[in-house]
Amino acid sequence: RHIAVSSPPANAVTILERSGEVVRRVSLPASPHDPDFTPSGRALWVTAEAAKRVVKLSVPSGRRLASRVTAGPPHDLPVSPDGRELWITIDGSDSVEVRSARGGGLLARPQLGAAPHDVAFEPNARRVWFSNWSSPLLTVASTSRRRPLGTLVAGSEPHHFAFGLGRLWVTDNTAGALVRIDPASREILGRTQVGSAPHHVAIAGRRTLVASHDSGQVAIAAPRGRLVR
């Protein structure tokens with residue numbers, strides 16, 4: 001039912017209805033960066049980079065439910081599809097923190113390649129993918145064993161990615177491209193030029209949306225990668 005938007009400069013997280021109506025604006029004075037909902041939608045975890053913490057908020061009230069110190073500034077944070085774990089990348093670290101999604105307790109700190117940055121689970125939850133900051137690499141790891149399974153050269157500097165339409169969609173920041181990958185075979189299926197400095201990517205129905213930092217635009221791509229507008 002809800003949407004969560006983080007604003008690091010404003011030190012705030014805004015919770016909205018699907019209509020766009022603002023329900024609550026929560027003060028979080030620690031540069032909140034990445035939010036993700038628990039499967040029930042009744043709670044939200046947020047990385048608070050400046051405070052070196054992850055914080056759990058009640059939805060829609062915004063009441064703080066938990067706060068846990070991390071080893072460094074936490075960057076990206078998805079909740080696992082089964083709702084049990086958080087996988088958190090830490091700026092300046094080669095390790096990833098795996099924590100309980102219920103209370104935030106530390107479960108493991110695996111080494112999953114150099115400088116893991118973005119992180120996302122495959123839909124079947126058996127594997128989790130990472131981009132490796134300032135490198136051409138993506139790393140795929142086993143969620144059960146918490147060990148790397150392999151790496152893939154995905155462009156000049158792959159940043160963020162999303163699963164959808166049977167593909168893994170990756171933004172190549174320095175090359176201005178959207179990369180399509182078959183996650184099963186780890187084969188690159190194609191590349192689409194989408195504008196300078198593509199950053200976050202999301203799937204909306206049968207379209208892939210890419211935010212461009214430099215142009216202030218969103219590029220819209222079709223399922224086979226063709227740039228629509």
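The side chain of serine 131 comes within 2.8 Å of the backbone oxygen of histidine 159. This contact belongs to a predicted model, and it makes a handy starting point for a walk through the structure. Serine 131 sits in strand β12, which covers residues 127-132. Its relative accessible area is 1%, so serine 131 counts as buried, the cut-off being under 20%. Beyond its neighbours within four places in sequence, serine 131 is in contact with Ala115, Pro116, His117 and Asp118, with Leu137 and Leu138, and with Pro158, His159 and Phe161.

Stepping back to the chain as a whole, the secondary structure consists of 21 strands and zero helices. The radius of gyration is 17 Å, close to the 17 Å that the globule rule gives for 229 residues, so the chain is as compact as a globular protein of that length. Along the principal axes, the C-alpha atoms fill a box of roughly 45 × 40 × 30 Å. Of the 229 residues, 50% count as buried. Among contacts with a separation of 6 or more, 32% come from residues 24 or more positions apart.

A second residue worth a visit is isoleucine 188, placed in strand β18 (residues 187-193). With a relative accessible area of 32%, isoleucine 188 is partly exposed. Leaving out residues up to four places away in sequence, isoleucine 188 touches Val153, Ala154, Val179, Arg180 and Ile181. Leucine 168 is 20 residues from isoleucine 188 in sequence, and their C-alpha atoms are 9.4 Å apart in space.

In the loop between β17 (177-182) and β18 lies arginine 186, whose phi is near 60°, a positive value in a residue other than glycine. Arginine 186 is partly exposed, at 29% relative accessibility. Serine 31, in the loop between β3 (22-27) and β4 (32-37), also has a positive phi, near 50°. At 24% relative accessibility, serine 31 counts as partly exposed. Finally, valine 59 and proline 60 are joined by a cis peptide bond with omega about 10°, and proline 60 lies in the loop between β6 (53-58) and β7 (64-69).

Technical notes. Residues numbered from 1 in each chain as written. Predicted model: local features only at pLDDT ≥ 70, side-chain atom pairs only at ≥ 80, totals over all residues. Heavy atoms only, no water. Helix = DSSP H or I, 4+ residues; strand = E, 2+ residues; numbered from the N terminus. Rg over C-alpha atoms; globule rule 2.2 N^0.38 Å. Buried < 20%, exposed > 50% of the residue type's maximum accessible area, 1.4 Å probe, protein only. Contact = heavy atoms within 4.5 Å. Polar contact = N/O pair within 3.5 Å; in protein donor to acceptor, adjacent residues only side chain to side chain.
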